[in-house]
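Q: Please examine one part of this model closely and describe it in a connected account.

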Amino acid sequence: MSRQKFIRDSIHGNLPLNDFEVEVLDYPQVQRLRRVKQLGFISLIYPGANHSRFEHSIGTMHLASKLAEQLELDEHEKELVRMAGLLHDAGHGPFSHVSEAVFDVPHEELTGYIVKKTSLADKLNEKFDTQEIVDIINGKGKLGPIISGELDMDRMDYLIRDSHYTGVAYGVIDTERIISNLKLKRELILDIKGVQAAEAALTARYLMYPSVYQHHTTRIINAMFRRCLRHMISQDIINPNEMYKYDDSDMISMCRSSEGFSRDIMERIDNRNLLKVVKSEPVNSFESPEKIFKIEKEKLLKAEEEISEDFNLDRNYVILSLPEYPSFDEMKTWVAFGENLYHLNEISSIVGALSSARFNSADICLYVPKEDKEKLNRLKLENYIDLPEKVNKFDTIHFEQSKLF
């Protein structure tokens, strides 16, 4: 006879699991997530941010289960949604998104491999069609939007969790209100009564990016570590197709025990001897700021090479960094108002404004070692990258000094 067990979560309290889920939880592919930090190196900026992908996974499972109850899914669908929530991040590599940007293999793809091809698949096949789990994780089918959609439970959990552990209070959102006002047709639809809670969630996400996810020091450390990983791949020290086997400690150990550049970068991160910003161009200073996010990687690498040659710098230590900001697809969420459906940004002017407001804190940066900063004082990024035309956003505003002071 199956009996419920509980995990005590710091965010959601007691989370119930059945015997089958406990057995899945104990597989090494899931236990590895205990050793993968949810926020990568952000604990170097916010010391409390040591929570793991494991915690987030069980939190997502819990919220997905609550929504499944609200939607009155049948028992099999509820169990499917819970399992997809638990396993949705199983393919994350060390330091989560930091390494994913290097290997060009989406964590969802590696998750699919783990769910369908490893020893974990043998266990899952006792109860589920593993392809159904993978489809939900990838946002496909009727149940997909619960885990991966415009207003999904994955996002709900990480906003609350990341806010809690960083101490940044922006991520406090009303999940109960959102969940209780969602219904499932061909996709998730939000009742008009849940719009204010959705606005708060989106505002929280917007504020968390410049404060946490794209904090200026976070970006420098991430850029340094990614350069280190690329070097190790080029040396055949790391196999990018096997990243789902490594945890944070494995990767740090490999970097520290390597020679030359990789070891130096790791020592710099360990001792906070970080690269410095030598040039920074705000994205909203350009006429078409969205074009900045689409600059090709090859063009950045070419620009770095040209800068290092022109200023006689070590190529490895010249890094151009693009901002990483979301597209705010949540504005496409359908909202039920009476008998009619509207997109969320049609109902809420706040949501519409957030799409363009995401450019306010974003910038394109050039990082070099501290000792090389003065060499690049006169450098102009537009001489190396094809940037959009600049605009002066204050052109139409005229202040009289006497009125200001």
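How far is the sulfur of Cys228 from the closest cysteine sulfur, and in which residue does that sulfur lie?

A: This is a predicted model, in which local features need pLDDT of at least 70 and side-chain atom pairs count only at pLDDT 80 or more, while totals for chains, interfaces and linings use all residues. Residues are numbered from 1 along each chain as its sequence is written, and side-chain values use heavy atoms, without hydrogens and water.

The sulfur of Cys228 lies 3.6 Å from that of Cys255, the closest cysteine sulfur, and this is too far for a bond. A disulfide requires a pair of cysteine sulfur atoms within 2.5 Å, and the count by this rule is zero. Cys255 accordingly takes part in no disulfide, the sulfur of Cys228 being the nearest to its own. Cys228 is buried (under 20% relative accessible area), with a value of 0%. Cys255 is buried as well, also at 0%.

A helix pair may be described alongside. The axes of helix α3 (residues 53-70) and helix α10 (residues 153-166) approach within 8 Å and cross at roughly 130 degrees. The crossing is right-handed. Contact (heavy atoms within 4.5 Å) involves Glu55, His56, Gly59, Thr60, Leu63, Ala64 and Leu67 of α3, which meet Met153, Asp154, Met156, Asp157, Tyr158, Arg161 and Tyr165 of α10. By class, seven of these residues are nonpolar, three polar and four charged.

Methods
Axes are lines fitted to C-alpha atoms, for helices over the stretch in contact, and angles run from 0 to 180 degrees between N-to-C directions. Helices (H or I, at least four residues) and strands (E, at least two) are DSSP runs, numbered from the N terminus. A crossing is left-handed if the near helix is turned anticlockwise from the far one by less than a right angle, and right-handed if clockwise. Ala, Val, Leu, Ile, Met, Phe, Trp, Tyr, Cys and Pro count as nonpolar, Asp, Glu, Lys and Arg as charged, and the others, Gly among them, as polar. Buried means under 20% relative accessible area, exposed over 50%, partly exposed in between (1.4 Å probe, protein chains only).
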